[in-house]
Amino acid sequence: MEAVARRKAVAYVCRSCTRQFQRQLRRNYSNSAPRPDIYDVVCVGGGPAGLSLLTALRANPVTSHLRVALVEAQDLSKVKSWKLPPNKYSNRCSSLTPTSALFLDQIGAWEHLDQTRVQPYHEMQVWDGVTDARIEFDWAPGSAPVEGTTIAYMNENLNLTSGLLKRLEQLGGVSVFEGAKVENITFGEETEDLDLSQWPVVHISGGKQLTARLLVGADGANSPVRAFAGIDAKGWDYNRHGVVATLEMEGEGWGGEHTKIAYQRFLPTGPVAMLPMPGNVATLVWSTTPENASLLKSLSPKDFVAMVNAAFRLSTVDLAFMHTQGTDQDDEYSWRLQHTSFNPRAIPQTVVGVQEGTVASFPLKMRHADTYIGERVALVGDAAHTIHPLAGQGLNQGQGDVQSLAKTIEFAVTHGQDIGSIMSLESYVSERYTANHVLLGVVDKLHKLYSAESGPLVPLRSLGLNAVNALGPLKSFFMKQAAGSGTKIF
């Protein structure tokens, strides 16, 4: 009887009511804690590195099924539709090695660049502004690589990003959050269904949250992704600014339309480089002191042109004096040029104008992250390293990172690995860290070596420059390294 009484005391609930109750519980849980928006790869930063990575992942059949997202603070529609008149050029240009150009071609992006605004160059003239010791990077007969004689391609940064965006749009499958600022990056939560406590969650403006199996920081030198991962970056400021401008030349160059030449002169305050663009246009990158940069930006177009011409022709003493003048550099240059001897065909043709609104400057620094990876985090491009522009390798380093990381992700997918784990990402940092570190060190030492105006370093560096110029095989080796087609040292 007691057993019967106990059974009567237990409330009976029919099966249909039980199912209804369970559905209500699921609805209540869903309303209180929405399922996270999970992506395989979330890339923060829509510059060349970030866009190239997503393009490479979408273009590869092995990784094209991955759910990927891009977070970018800028309005990318303006970048995609970017267009300038044929005779106007942006002042932010970069050199792309043939290796970088080949990678862009392999992922289907190269054809989307406006090729009429891309300029290959085939020779480089580099010399010491104090001693005039010189190295001429021109291909000796039979020394050029099978890929051709192009050392690099000069291209506007916006032409590259615009082309990458067009290719991404063609591929489709990318969730793009543009005009979205990263407000915070946290770890996810652990629930009964999912443990995301070690997964990064990107909080962007508008309240959206993106959970990432792999979070990629392509977000520049002040990378929020790097800060979230707790990765330090070591380095220093050079106390130098890079002055850029778009220049009009008197002609298409001494080599004509089909043999463009790049020029770089090492001055005690920093190197000044003139790099060819299509037609009679060139882009200037002049590394100098902040005071000199401020002066150059304040000058009238006529005086600015005079200073640029002086930088490639006059002695360092004459040039230093002209930097002390507030105005009238044009008259001073004309007078001093009469008393200066030089070989006109060993330097750039005369600058005759500067495009309005293109004279600008930016501080120069060297930074290198302690590592490029963390658990579910990878860094590429400037988020991982920042280099002095004297070698023109910053953009190419970033493209090398992207190519390596895309290959690493492909390997992980092919072998059933977790693409965000440290173990899966280890091959990326192994391949790229040492190579980038060596290049950063070499460029840094070159900057310091050529900053000396006197002392024993001056004749020694001149001796080294002349020796490399005289040794054909060694010079060819350096040229192939600069073009990205040489044997990998590391």
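**Helix packing and a few residues**

Modeller: The protein has 15 helices and 20 strands. These are DSSP runs, numbered from the N terminus: helices are H or I with at least four residues, strands are E with at least two. The model is predicted, so local features need pLDDT of at least 70 and side-chain atom pairs pLDDT 80 or more, while totals for chains, interfaces and linings use all residues. Residues are numbered from 1 along each chain as its sequence is written, and side-chain values use heavy atoms, with hydrogens and water left out.

Of the 490 residues, 50% count as buried. Buried means under 20% relative accessible area, exposed means over 50%, and partly exposed lies in between (1.4 Å probe, protein chains only). Among contacts with a separation of 6 or more, 76% join residues 24 or more positions apart. Contact means heavy atoms within 4.5 Å.

Now the helices. Two packed helices are described by the angle between their axes and the distance between the axes. Axes are lines fitted to C-alpha atoms, for helices over the stretch in contact, and angles run from 0 to 180 degrees between N-to-C directions. Under 35 degrees is roughly parallel, over 145 roughly antiparallel, 65 to 115 roughly perpendicular, and the rest oblique.

Start with helix α12 (residues 394-414) and helix α13 (residues 422-449). Their axes lie 8 Å apart, at an angle of about 165 degrees. That makes the two helices roughly antiparallel. The crossing of α12 past α13 is right-handed. Right-handed means the near helix is turned clockwise from the far one by less than a right angle; left-handed means anticlockwise. From α12, the contact takes in Gln 397, Gly 400, Asp 401, Ser 404, Leu 405, Lys 407, Thr 408 and Ala 412; from α13, it takes in Ser 424, Leu 425, Ser 427, Tyr 428, Glu 431, Arg 432, Asn 436, Leu 439 and Leu 440. By class, this contact of α12 with α13 has six nonpolar, seven polar and four charged residues. Here Ala, Val, Leu, Ile, Met, Phe, Trp, Tyr, Cys and Pro count as nonpolar, Asp, Glu, Lys and Arg as charged, and the others, Gly among them, as polar.

Helix α12 also packs with helix α5 (residues 98-106). Here the angle is about 45 degrees, and the axes are 10 Å apart. So α5 and α12 are oblique to each other. The crossing of α5 past α12 is left-handed. Ser 100, Phe 103, Leu 104 and Gln 106 of α5 meet Asn 396, Gln 399, Val 402 and Gln 403 of α12. By class, the contact of α5 with α12 has three nonpolar, five polar and no charged residues.

Next come helix α3 (residues 48-59) and helix α6 (residues 157-171). Their axes come within 10 Å and cross at roughly 25 degrees. So α3 and α6 are roughly parallel. The crossing of α3 past α6 is left-handed. The α3 side includes Pro 48, Leu 51 and Leu 54, and the α6 side includes Leu 160, Leu 164 and Leu 168. By class, the contact of α3 with α6 has nine nonpolar, three polar and two charged residues.

Now single residues. Asn 155 is found in strand β7 (residues 152-156). Asn 155 is buried, with a relative accessible area of 2%. Its side chain makes a polar contact of 2.8 Å with that of Asn 159. A polar contact is a pair of N or O atoms within 3.5 Å; within protein, one must be able to donate a hydrogen and the other to accept it, and residues adjacent in sequence count only if both atoms are side-chain atoms. Leaving aside neighbours within four places in sequence, Asn 155 is in contact with residues including Cys 93, Leu 113 and Leu 160.

Ala 245 sits in strand β12 (residues 233-249). Ala 245 counts as buried, at 0% relative accessibility.

Last, backbone angles. Most residues other than glycine have a negative phi. Asp 328 has a positive phi of about 65 degrees although it is not a glycine. Asp 328 lies in the loop between α10 (316-322) and α11 (329-337). Asp 328 is partly exposed, with a relative accessible area of 46%. Arg 376 also has a positive phi, near 65 degrees. Arg 376 lies in the loop between β18 (373-374) and β19 (377-379). Arg 376 counts as buried, at 8% relative accessibility.
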